[in-house]
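Student: I would like to learn how to read a protein model, one feature at a time. Could you walk me through one?

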Amino acid sequence: MTATTADVKADVKAAPGRSARLRDLGIVLGVVLIVVVLSLSTSTFLTAGNLVNLLDQAAVVGLLATAATLVIISGSFDLSITAVLALSAIVAVAVTNAAGVGAGMTAGVLTGAVLGTVNGIVVVRIKVHSFIATLALSIIYRGVAVILTAGAIVYPADDRATAFQALSWPTVLGGVTAASLLFLAVVAVCWVLLSRTTFGRRVYAIGGNEEAARLSGIRTGQIKVAVFAISGVCAALGGLVLAARGGSAQASLATGMEMTAIAAAVVGGTSVMGGEGAIWRGLIGVLLITLIGNGFNLLGWDTIYQQVVQGALILGAVSLDRLLRGRRS
Amino acid sequence: MRIDLEGFGKSYGGVPVLRDVSFTLRGGRVHGLLGENGAGKSTLLKAVCGAVTPDAGRVLLDGRPIAVGSPRDALRHGFTLISQELALVPAMTVLDNVYLGRWRNRLGWRRRRANRREFAELTARTGFELDPSALVRDLPIAAQQQVEVLRALASGASVIGMDEPTALLTRNETERLLEVIRRLAADGAAVVLISHFLEEVLSVCDDITVLRDGRHIKTGPAAGQTPQSLVADMVGRPIELLYPEPRPVRPDAPVLLSARGLSRGTAVREVSLDIRAGEIVGIAGLVGSGRSETLRALFGADAPDAGVVEVDGRAVAPGSPARAMRAGLAMVPESRKDQGLVLGRSVRENVALASLGSRQQAGFVRGGAEREAAGTMLAGLDVRGSDLGGPVWTLSGGNQQKVLFGKWLMDRPKVLMVDEPTRGVDVGAKGQIHRLLVELAAEGMAVLVVSSEVEEVLGLAHRVLVMRHGRLVGEFARGRATPEQVIALAFADTPDTEPSEENA
């Protein structure tokens, strides 16, 4: 079919390209704005100590937001992440007491992977909407956590307590905590996974149009289960961090934080419809939310207003993003 | 009534799709709007009916400028659009859909009986037979279209735009719809019709406007025009409307696709067929006769209840597109939007999607190789004006269809199955796709084509199979059947052709 068309060739235009990509960065602009304001209005914001602190504060919600971003891009929701977090932390404490810290941490991560896989299998096999399925499963997981702990707070044995808290220690890297490094490493891995691998391509395709993905030979069920499993692992890592920080675990750990994580993912510009978004967007969302808390602290504002301001800023950031990206539909 | 469209312009992301288009519509006449895909027809119609905001342009109603910036404004002036994607609420009844947003009410309480009376009048006027309490989602597509038409009438529309209303209709349904269009015009409405079926446009339209690359080419009476003259205006050069002649199949060509006793529910019943290398086989039949379902069962998109599929002599495990693809099968599905493309993702990702495994290293996408392969493929398919990184929804229908073909040709399948190869595709791209299919067969691929256009099946295929009620009921060699014969067999009202199996 080249005979009639030699005259037109495929003129591959550098069409909307650059400007569109710049417009995509609206939400980044919002975050930069807050950073500038905080830097100018306080002397404490731009200090190494505060930034290290900021990163540490972002670690747990960041791990959860990374999980949420991944799952949302694949076209699903995972409301069970904080329940998985709690149960994994409890298992980690129990196994630490029975077999040592290394085994405990490993068991915690494995718990997350298993629970995530269960989530995935239920969603894929029973074909319940992931929103409902993971909501129900999260109640079960919390319930199991209550049963395991008899409703009490569980602690690692005294001789192992110090080692158990290793994740909360500062490291030689300028005092940045081990938890922060773990968070950054997970972000890096998920980022590469989504943007550079065939797995990532398949995830986007399933989120964007599951039937087209299936008809393109993608084993959609397997990919979805894998996404939920990764989500579970991220949640479990968050659980280990929280347990390390507090030196304990309990069934109500991080209750409600899944909503903050999903908000962070969406605020960053990941479409709730699936198929669009990026890990860095989740990161931006987490940054925004953490900065607001940090700003209140530094400015010495009364924290009773924090939630109202946080909600308003999220709305503002998202509206700005919409405005800059233009209406397209 | 006289409607002047003046200076309409619209750009998407810096790319103009409409440039200074002006012409006049008149009440009581049907106005055909023609052009290749991407010529700006749909955009113009949407702009006039308030569905998109134009960058420039205004509408004069009997000489007075009116605002049609939103669907609500447009409706107030009697402008309404029946678009390609029907805008119905599937879970509501026919009646509720027809009166959506303007239910008769008293203090907010609905007066269903008043609506029902009006509904009865409307159906009497149009001759539609619709059950007002049926749920829209249970209706076939033709009936849903009728609901849209009724809604336009119920809103008192005097200017009615229709964007490819007959694309999904069978021949009979099309005839009925054209009849209604004539009646609407006779009642005084100005109807604007977009259609790729030129015969249809010539048969129903009083005036015709041709757009090309977003520009107004001409407006004039339909009388005296021929399909050839219209096509010449649309593409800016004369084009052959003839189908390319497929190369004869070599007598020793191996059978590449073979099915025996393939069945799935009542949709596909004991279908057996053989397709040889270099052969194009067409399946004709009515909508719902099991054509698409047969392709899906062959490809494993739906698991068959019974039957064997072999590709190049080897059995393919049923019910898995992934395994079918590994065996060398490919299927271009019926609906680009729902089954073919991931519209929000880039052209490049879409082209690469079905062959990711061929360009990977330890699970990583080889970006350079992919860009090159996708670029070469699209250049070969003459996809114009596309940015590989831009989302695929920004392309015209014809280019989207080519991207879909490209996706399936990346891994060079042995057997290519195509469901509706040219649905919603402009004349130029249509010819290109036909030539592509003939070329692929000449290179040794086995091709299976399903199409609602009987002429397309007859024009392309070496052999035409006719399907009815899930069974293959007849076969014609190339040149041995007229469209009428094929349709008659599909409807099964000719007792003297093939052994019929009515009570299956």
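Tutor: We will go through the two chains in turn, starting with some ground rules. This is a predicted model, in which local features need pLDDT of at least 70 and side-chain atom pairs count only at pLDDT 80 or more, while totals for chains, interfaces and linings use all residues. Residues are numbered from 1 along each chain as its sequence is written, and chains are lettered from A and ligands numbered from 1 in the order in which they are written.

Student: How many helices and strands are there in chain A?

Tutor: Helices (H or I, at least four residues) and strands (E, at least two) are DSSP runs, numbered from the N terminus. Chain A has 14 helices and zero strands.

Student: What share of the residues in chain A is buried?

Tutor: A residue is buried if 20 or more other C-beta atoms lie within 10 Å of its own, exposed if 12 or fewer, and partly exposed in between; the C-beta atoms are placed from the backbone. In chain A, 48% of the 329 residues are buried. Glu258(A) counts as buried because it has 27 C-beta neighbours inside 10 Å.

Student: Which residues is Glu258(A) in contact with, leaving aside its neighbours within four places in sequence?

Tutor: Two residues are in contact if their C-beta atoms, placed from the backbone, lie within 7 Å. With those neighbours left aside, Glu258(A) touches Leu64(A), Leu79(A), Ile81(A) and Thr82(A). Glu258(A) and Ala65(A) are 193 residues apart in sequence, yet their C-alpha atoms are 8.1 Å apart in space.

Student: At what angle do helices H9 and H11 of chain A pack?

Tutor: Axes are lines fitted to C-alpha atoms, for helices over the stretch in contact, and angles run from 0 to 180 degrees between N-to-C directions. Helix H9 (residues 198-208) and helix H11 (residues 220-246) of chain A pack at about 105 degrees, with axes 10 Å apart. Angles under 35 degrees count as roughly parallel, over 145 as roughly antiparallel, 65 to 115 as roughly perpendicular and the rest as oblique. H9(A) and H11(A) are therefore roughly perpendicular to each other. Arg202(A), Val203(A) and Ile206(A) of H9(A) meet Thr220(A), Ile223(A), Lys224(A) and Val227(A) of H11(A).

Student: How do the residues of that contact of H9(A) with H11(A) divide?

Tutor: Ala, Val, Leu, Ile, Met, Phe, Trp, Tyr, Cys and Pro count as nonpolar, Asp, Glu, Lys and Arg as charged, and the others, Gly among them, as polar. This contact has four nonpolar, one polar and two charged residues. H9(A) is also mostly covered, with ten of its eleven residues buried.

Student: Which residues make the contact of H8(A) with H13(A)?

Tutor: The axes of helix H8 (residues 178-196) and helix H13 (residues 279-299) of chain A come within 9 Å and cross at roughly 145 degrees. Val187(A), Cys190(A), Trp191(A) and Leu194(A) of H8(A) pack on Ile279(A), Trp280(A) and Leu283(A) of H13(A). This contact has seven nonpolar residues, no polar and no charged ones.

Student: Now chain B: in what order do the six strands of its open sheet lie?

Tutor: Two strands pair if DSSP finds at least two bridges between them. The order is E18-E21-E22-E15-E23-E24 in chain B, with mixed pairing. Strand E18 (329-332) and strand E24 (471-477) are the edges, each pairing on one side only. Inside this sheet, strand E15 (residues 280-285) and strand E22 (residues 446-450) of chain B pair in the parallel sense over four bridges. Ile280(B) has Val447(B) in E22(B) as its bridge partner.

Student: Which helices lie across strands of this sheet?

Tutor: Helix H15 (residues 427-442) of chain B lies across E15, strand E21 (415-419) and E22, at about 150 degrees to E22(B). Helix H17 (residues 483-491) of chain B lies across E15, strand E23 (463-468) and E24, at about 30 degrees to E23(B).
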